[in-house]
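Hi everyone, and thanks for coming.

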Amino acid sequence: MKTRRIFLQKASLSAIALSVPAFNPLAAMTDSLTLSKDTKTLRVAIMGLGSYGTRVAEAIQKCARTKLVGVISGTPSKVEDWKSKYNIPAKNCYNYENFDAIKDNPDIDAVYVITPNAQHKDQVIRVAKAGKHAICEKPMAVNAADGQAMVDACKAAGVQLLIGYRMHFEPNTLEVIRMRKAGEFGDIRFFQGLCGFVIGDPTQWRLNPALSGGGAMMDIGIYAINGARYMIGEEPIWVTAQETKSNPDKFIEGIDETITFQFGFASGATASCLSTYYMNNLDKFYLNGSKGWAEMQPSTGYGPIKGETHKGPLSEPIVTHQTVQMDEMAAIIFDGKKPEVPVNGEEGVKDMKIIDAIFKAVKTGEKVSLNLG
Ligand code: NDP
């Protein structure tokens with residue numbers, strides 16, 4: 001019988017530069033990932049063969065139990081490239097018009113939707129109706145109502161909906177969460193999340209509200225929102241927000257450039273965050289508690305994630321985020337594994353409700369209450 005050792009051997013050759021930490025969240029994560037002849041491989045088709053889709057495809061090559069078996073694309077030349085590069089059979093290749101036929105393809109278990117944000121809702125609902133599990137990139141949709149419709153459609157179809165929250169599987173992030181849960185920071189009092197980069201080409205879909213649903217907030221600010229929740233370990237109960245724009249010609253109506261926003265939590269903790277397309281090298285989390293602190297920079301980039309706490313540097317294994325994410329998602333889908341931080345559709349809807357509230361707070365200038373349950 002093959003064992004978890006095989007996963008670690010394979011991973012150590014590829015995704016993981018193993019150091020020897022006192023506590024190894026990756027090992028903890030993969031404890032239940034026992035590879036035997038009965039372990040099911042997640043056979044995935046990627047929809048949207050763009051920059052991130054390509055990164056995910058490469059990462060899947062190093063997976064222990066996830067396989068790239070199909071594509072859905074509007075660009076025939078990319079399909080030809082991917083067919084030869086990843087040995088994908090023609091029968092597993094679709095376009096945006098005909099992919100509903102995937103329901104008759106027993107060789108595909110799940111579709112990973114990696115297209116512009118505003119397309120996610122309809123595409124995920126079609127995937128669900130085709131009876132396939134859906135993995136969807138962040139932001140899951142362009143507002144909470146659309147996100148909820150996706151959750152409902154997947155429930156009705158009896159398939160799972162998972163959001164591509166790769167940080168939920170990142171070992172240094174999980175170590176900070178473990179320390180917080182163990183009380184090592186004491187009572188959590190404050191979180192700061194700074195997320196941004198200077199965006200280039202003004203003609204790209206990210207700067208077209210019809211395709212993106214918003215600007216930096218949908219794209220990168222969502223990391224600070226999601227991070228505030230998993231670092232503090234509570235749901236925010238109110239939000240205030242302020243917007244500035246250095247370049248209204250590039251950042252048109254419906255595209256936020258820079259938003260500062262603040263959260264309050266029932267415990268009394270607060271958070272102060274920044275989402276921007278105006279500043280580079282902005283990728284930093286800071287958590288403060290009554291007994292200690294954690295600081296991470298970079299905190300959500302592709303890695304390596306670096307940081308320290310009041311106890312010393314974070315030194316967990318360096319992983320390829322998407323490799324670990326996909327194998328963990330295989331375990332969630334097939335083995336019912338519960339991840340340390342959820343990645344289900346409901347988790348995505350919470351972030352969308354917060355984004356809706358941030359936009360409302362910007363518009364009204366008022367404190368907006370949140371009830372995320
Ligand atoms: P890209 O522009 O690089 O790729 C998007 C792909 O979507 C295109 O290549 C194209 O693929 C397809 N597409 C279909 N319709 C359109 C359209 N009208 N305009 C543009 N593309 C279209 O974007 P990214 O890969 O960077 O982002 C895709 C999604 O992934 C977004 O939701 C983004 O937020 C998310 N993302 C997540 C990251 C993470 O770390 N989790 C990082 C980066 C992005 P084809 O030609 O095959 O049809």
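Let's begin at Ile-358. Leaving aside residues up to four places away in sequence, Ile-358 touches Met-217, Ile-225, Val-239, Ala-241, Ile-259, Phe-261 and Phe-263, where contact means heavy atoms within 4.5 Å.

Before we go on, a word about what you are looking at: this is a predicted model, with local features needing pLDDT of at least 70 and side-chain atom pairs counting only at pLDDT 80 or more, while totals for chains, interfaces and linings use all residues. Residues are numbered from 1 along each chain as its sequence is written, and side-chain values use heavy atoms, with hydrogens and water left out.

Back to Ile-358, which is among the residues with the most contacts inside the largest nonpolar core, together with Ile-46, Leu-161, Phe-261 and Phe-263. That core has 110 residues. By nonpolar core I mean buried Ala, Val, Leu, Ile, Met, Phe, Trp, Tyr and Cys residues joined through side-chain atoms within 4.5 Å. Buried is under 20% relative accessible area, exposed is over 50%, and partly exposed is in between, using a 1.4 Å probe and protein chains only. Helix α9 (residues 216–232) supplies the largest share of this core, 12 residues. Helices here are DSSP runs of H or I with at least four residues, strands are runs of E with at least two, and both are numbered from the N terminus.

Where does this core lie? Domain 1 (35–163) and domain 2 (187–290 + 345–369) both give residues to the core, so it lies between them. Those bounds come from an automatic or database domain assignment.

Now to the charged pairs. The whole structure has 22 salt bridges, each being a side-chain nitrogen of Lys or Arg within 4 Å of a carboxyl oxygen of Asp or Glu. One of them joins Arg-229 and Asp-351, at 2.8 Å from N to O. Arg-229 sits in helix α9 and Asp-351 in helix α11 (residues 345–364), so this pair ties together parts 122 residues apart in sequence. Are these two partners buried or exposed? Arg-229 is buried at 6% relative accessibility, and Asp-351 is buried at 0%. Through shared partners, salt bridges join Arg-229, Glu-235, Glu-347, Lys-350 and Asp-351 into one network.

Another pair is Glu-175 with Arg-178, whose closest N and O atoms are 2.9 Å apart. Both lie in helix α7 (residues 171–181), 3 residues apart, about one turn of the helix. Glu-175 is buried at 9%, whereas Arg-178 is partly exposed at 28%.

Finally, some backbone details. Most residues other than glycine have a negative phi, and most peptide bonds are trans. Asn-87, in the loop between α4 (76–86) and β3 (93–94), has a positive phi of about 55 degrees although it is not a glycine. Asn-87 is exposed, at 70% relative accessibility. Asn-281, in the loop between β10 (270–276) and β11 (282–289), has a positive phi of about 60 degrees, and Asn-281 is exposed too, at 72%.

Which peptide bonds are cis? The one from Gln-297 to Pro-298 is cis, and so is the one from Gly-303 to Pro-304. Pro-298 is found in the loop between β12 (293–296) and β13 (307–309), and Pro-304 is in the loop between β12 and β13 as well.
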